[in-house]
Amino acid sequence: MMEENPLPSTTFFHLKQAKKEKIDAVLLEEFFSKHISQVKVSAIVEKSHISRGAFYKYFQNLEDAYDYAIADYSNQIHSAIFTFINRNKNDFFKGIEEYLAWCSQWSPEDDHWKMIHLCTQSNAWTKRDAIPDDSPMIRQWLELLEENRFTIHDTQEAVSFLYFIMAVVMDSLTDFISNEWTAKELIKDFRYKVQWIKYGIKEENDEE
């Protein structure tokens, strides 16, 4: 069973950047190319050029390393989505659409595609970590919602909407990968979701 709160030791985060990046790259390749049940610590330490003792100094076990990796990939994906949204501050969903179009151009050999693929196969990325109300990310998110004139009543609702939007994006990417869609099919399906979110699916004059 996965650890509930995966977190490598502080020693891992204090490694020299090049060494940490090497370990991160090996984790990505190992978890992408094999199911976690087939990944071996021995392969990770050999390819990372670290000792087995060092691995267990950084991580509690293999599952801990996996959960750390998924959380890291999720953060990188979220950051990329924010970048595209910020380029279209007054057209929130256009930014997400451009992110999806960007993702559709990646090949299976690209790291970002591998991260997306792994996250779509895991539910770990959906875990809601506590985010301080005064964090820069929340302030930026609230500004984006206000600029797009979304009806959000408080910070708690804003955070819930953040996770909802991320779920919509990951759901679109999951369908894209599973169904081997073209970029055009991905965008068409996403636009359906946008219409449902913005306008609903029930006509206003429908009677109960």
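Modeller: Go ahead. Keep in mind that this is a predicted model. One place to begin is α8, where P136 and E146 are exposed.

Colleague: Which residues of α8 are buried?

Modeller: Those are I138, W141, L144 and L145. They cover an arc of only 120° around the axis, so they sit on the same side of α8. P136 and E146 are on the other side.

Colleague: What covers the buried residues of α8?

Modeller: The cover includes α5 (62–87), α6 (92–104) and α9 (155–178).

Colleague: And how does the span of α8 compare with what it should be?

Modeller: It agrees: α8 has twelve residues, 136–147, which at 1.5 Å a residue should span 16 Å, and its end C-alpha atoms are 16 Å apart. After α8 comes R149, with a positive phi near 60°.

Colleague: Switching topic, what lines the second largest pocket?

Modeller: F93, N148, F150, F161, I197 and K198 line that pocket. By class that makes four nonpolar residues, one polar and one charged. The space in the pocket is about 160 Å³.

Colleague: Last one: K20, buried or exposed?

Modeller: Buried, because its relative accessibility is 14% and the cut-off for buried is under 20%. K20 is in helix α2, residues 17–33.

Colleague: What is K20 in contact with, leaving aside neighbours within four places in sequence?

Modeller: F12, F13, L15 and Y68.

Terms used. Residues are numbered from 1 along each chain as its sequence is written. This is a predicted model: local features need pLDDT of at least 70, side-chain atom pairs count only at pLDDT 80 or more; totals for chains, interfaces and linings use all residues. Side-chain values use heavy atoms; hydrogens and water are left out. Helices (H or I, at least four residues) and strands (E, at least two) are DSSP runs, numbered from the N terminus. The expected span of a helix is 1.5 Å times one less than its number of residues. Buried means under 20% relative accessible area, exposed over 50%, partly exposed in between (1.4 Å probe, protein chains only). The arc is that of the directions from the helix axis to the C-beta atoms. Contact means heavy atoms within 4.5 Å. On a 1 Å grid over the protein atoms alone, a cavity is a set of points where a 1.4 Å probe fits but cannot get out, and a pocket is an open set with protein on both sides within 12 Å along at least five of seven lines; lining residues have an atom within 4 Å of a point. Grid points are joined across faces, edges and corners, and a volume is the space filled by probe spheres set on the points. Ala, Val, Leu, Ile, Met, Phe, Trp, Tyr, Cys and Pro count as nonpolar, Asp, Glu, Lys and Arg as charged, and the others, Gly among them, as polar.
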